[in-house]
Amino acid sequence: MSKMPIIYVVSDSVGETAELVTKAATSQFDSRDTTIKRYPYVESKQDIEEVISLAKLDQGMIAYTLVKPDMRSYINELAQKEGIIVSDLIGPLMDQIQIMSGLTPRYEPGLVRKLDEDYFKRVEAIEFAVKYDDGRDPRGILKADIVLIGVSRTSKTPLSQYLAHKRLKVANVPLVPEVDPPEELFKVSPDKCFGLKISPEKLNNIRRERLLSLGLNDQASYANIDRIKTEIDYFDKIVSRINCPVIDVTNKAVEETANLILATYLKKNKGL
């Protein structure tokens with residue numbers, strides 16, 4: 001009866017991709033004695049020589065994902081010399097993509113893993129921004145990378161989402177004169193807080209348009225200029241107490257404000 005060979009999965013990174021593809025291939029065979037040995041972080045010719053010796057000793061074969069051309073050539077050359085079967089799982093596809101696109105590969109191990117980590121960090125940050133939007137849970141203030149403070153309609157939510165796509169966890173807190181700010185706001189580092197200020201006239205126009213879009217009377221107190229000035233005075237009082245940076249968003253697009261916040265945050269948190 002035929003026997004499944006021991007398969008060495010060799011990678012210049014963690015080896016998850018190579019192992020997954022190898023398992024998918026071996027699953028097509030009626031064999032319960034499949035042995036797969038992962039050999040990750042192969043970074044030198046000495047590593048290749050070692051795995052070749054092990055595979056020869058086990059009378060096994062090698063399936064590999066090595067992105068650097070010199071490493072691919074060396075493992076093929078040495079395997080042929082020692083009579084070991086090897087299967088290049090990523091090289092031929094990279095070669096074909098290069099031919100079709102005219103682009104040159106980066107030849108940097110572990111990029112898939114880095115991309116995955118980046119994706120999940122972004123998703124986590126977006127979920128955080130939704131959970132701690134509009135001050136709905138003050139516990140998020142102390143967990144956040146950035147805390148946005150402002151009166152209603154100063155683009156706190158879209159800014160939170162924009163920054164979340166940069167993998168930053170953002171909480172935002174609305175300031176209303178009749179409601180005391182959460183205590184957490186005065187415990188967080190001022191370097192993480194950003195006040196969003198806007199001119200009374202601009203805010204008046206934004207709020208009136210908002211009321212009309214909802215089918216409501218644009219003369220409501222929400223859009224009253226005196227009420228707006230009261231809210232902005234309250235905002236000034238709170239940010240002075242916190243002693244955090246203030247950005248005037250009156251004539252700025254969300255992207256422009258976000259870039260200012262990001263630049264300031266990164267400058268003050270270089271070690272993070």
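Residues are numbered from 1 along each chain as its sequence is written. Because the model is predicted, local features need pLDDT of at least 70 and side-chain atom pairs count only at pLDDT 80 or more, whereas totals for chains, interfaces and linings use all residues; side-chain values use heavy atoms, without hydrogens and water.

A pocket is an open set of points on a 1 Å grid over the protein atoms alone, where a 1.4 Å probe fits, with protein on both sides within 12 Å along at least five of seven lines; lining residues have an atom within 4 Å of a point. Points are joined across faces, edges and corners, and a volume is the space filled by probe spheres set on them.

| Pocket | Volume | Lining classes |
|---|---|---|
| Largest pocket | about 610 Å³ | 12 nonpolar, nine polar, seven charged residues |
| Second largest pocket | about 370 Å³ | eight nonpolar, eight polar, six charged residues |

In these classes, Ala, Val, Leu, Ile, Met, Phe, Trp, Tyr, Cys and Pro are nonpolar, Asp, Glu, Lys and Arg charged, and the others, Gly among them, polar.

The largest pocket is lined by 28 residues, and Val67, Ile90, Glu108, Leu111 and Val112 are the closest to its centre. Helices (DSSP H or I, at least four residues) and strands (E, at least two) are numbered from the N terminus. H1 (16-26), H4 (91-101) and H5 (111-131) each supply at least two lining residues, and H5 gives the most, with six.

Around the second largest pocket stand 22 lining residues, with Arg153, Thr154, Ser155, Lys156 and Pro158 nearest its centre.
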